Amino acid sequence: MPSDLSINRSDKPVSTETAVRPDSPTGPSAHAKHPSTHAKHSHDDAPDAAAAFARLAELEDGPERDAVRDELVTVWLPMAHRIAGRFRDRGESVEDLRQVAAMGLVKAVDRYDPSRGAFESYAVPTITGEVKRHFRDRMWALRVPRRVQELRNKVRLARRDLTLNPGSPEPTVADIAAHTGLTEDEVGAGMEAMESFSTLSLDAELASADDNYSLADTLGDVDSSYELVVDREAAREGLRRLPERERAILYMRFFEDMTQTRIADVLGISQMHVSRLISRSCARVRDEAMGGQQSGAGGHDADGRTDSDGRTRAA
């Protein structure tokens, strides 16, 4: 790390008494010679790094510039941590907030132009904005559109403004709409979004329940019969158009759970013939339900009827 970095750290606070006593070695004359030692920053965690920033702006990309950049990030990191502390107790850990603030600090160091004012005045809104974006984009339990997030913020600020005076009643939707210029529907969407920032466990007990019901007990289950109903309705017309004996064979096989051999004995035909009829009937019903071409071992007549032995018969 270069040894000529003149960054005055503030980890050793300046005594107020020493700063004002005229008989002190560091009295007014000393401060006139070394203005960097005077308390000219608003916070103790804001070091005087103007010389280092000027040097950073002059250096080309390389190890030396990286070293100056790292040193600047290090000495300004306490300020980033202080800004992160403003957002504590909002559902995010302090460690994560500090990491986000440090990312904002790095962006501020990289983008800062020394000719446009003090670094602190540029870094504070940059870091604060980075933390706010973290809450806006990462902390929602339910993902909502950006427009709804903005509505939520407007409604939240309006409610705060309308309840500043002690004893102020809770503002109505109409009050918030008049204050923000939003429609009542937009205010309603913003208020609903305020409840989406965090979630409730499905195991949480309902406050109004006397029998310890949980939220999960109020949710319906997926009905496995829905698809079956659709399939039955799709196959209904195809089954109706089958010859009577083929409908009887399908009924005995799939509703009475009879074997093909047993069906063959009842109808007086071979088991192989029963198998062919079942396959042909199922294929025909399936094709009609799917809207495709009818298929089957036997031919079809003009009205779509097929004899049970596979031979076409006249209408």
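Modeller: Residues are numbered from 1 along each chain as its sequence is written. The model is predicted, so local features need pLDDT of at least 70 and side-chain atom pairs 80 or more, while totals for chains, interfaces and linings use all residues, and side-chain values use heavy atoms, without hydrogens and water.

Biologist: Why are H11 and H13 called roughly perpendicular?

Modeller: The axes of helix H11 (residues 244-254) and helix H13 (residues 271-290) cross at roughly 100° and come within 10 Å. Helices are DSSP runs of H or I, at least four residues, numbered from the N terminus. Axes are lines fitted to C-alpha atoms over the stretch in contact, with angles from 0 to 180 degrees between N-to-C directions. Angles of 65 to 115 degrees count as roughly perpendicular, under 35 as roughly parallel, over 145 as roughly antiparallel and the rest as oblique. H11 and H13 are therefore roughly perpendicular.

Biologist: Which residues of H11 meet H13?

Modeller: Among them are Ile249 and Leu250 in H11, which meet residues of H13 including Leu277 and Ile278. Contact means heavy atoms within 4.5 Å. The contact holds seven nonpolar, two polar and four charged residues. Ala, Val, Leu, Ile, Met, Phe, Trp, Tyr, Cys and Pro count as nonpolar, Asp, Glu, Lys and Arg as charged, and the others, Gly among them, as polar.

Biologist: What makes H3 and H4 roughly antiparallel?

Modeller: The axes of H3 (residues 50-58) and H4 (residues 63-85) cross at roughly 150°, and H3 and H4 are therefore roughly antiparallel. Phe53 and Leu56 are among the H3 residues that meet H4. By class, this contact has six nonpolar, no polar and four charged residues.

Biologist: How are H7 and H9 placed, parallel or perpendicular?

Modeller: The axes of H7 (residues 146-162) and H9 (residues 184-194) cross at roughly 90°, which makes H7 roughly perpendicular to H9.

Biologist: Where does H10 bend?

Modeller: H10 bends by about 30° at alanine 234. The bend is the angle between axes fitted to the seven residues ending there and the seven starting there.

Conventions:
Helix = DSSP H or I, 4+ residues; strand = E, 2+ residues; numbered from the N terminus.
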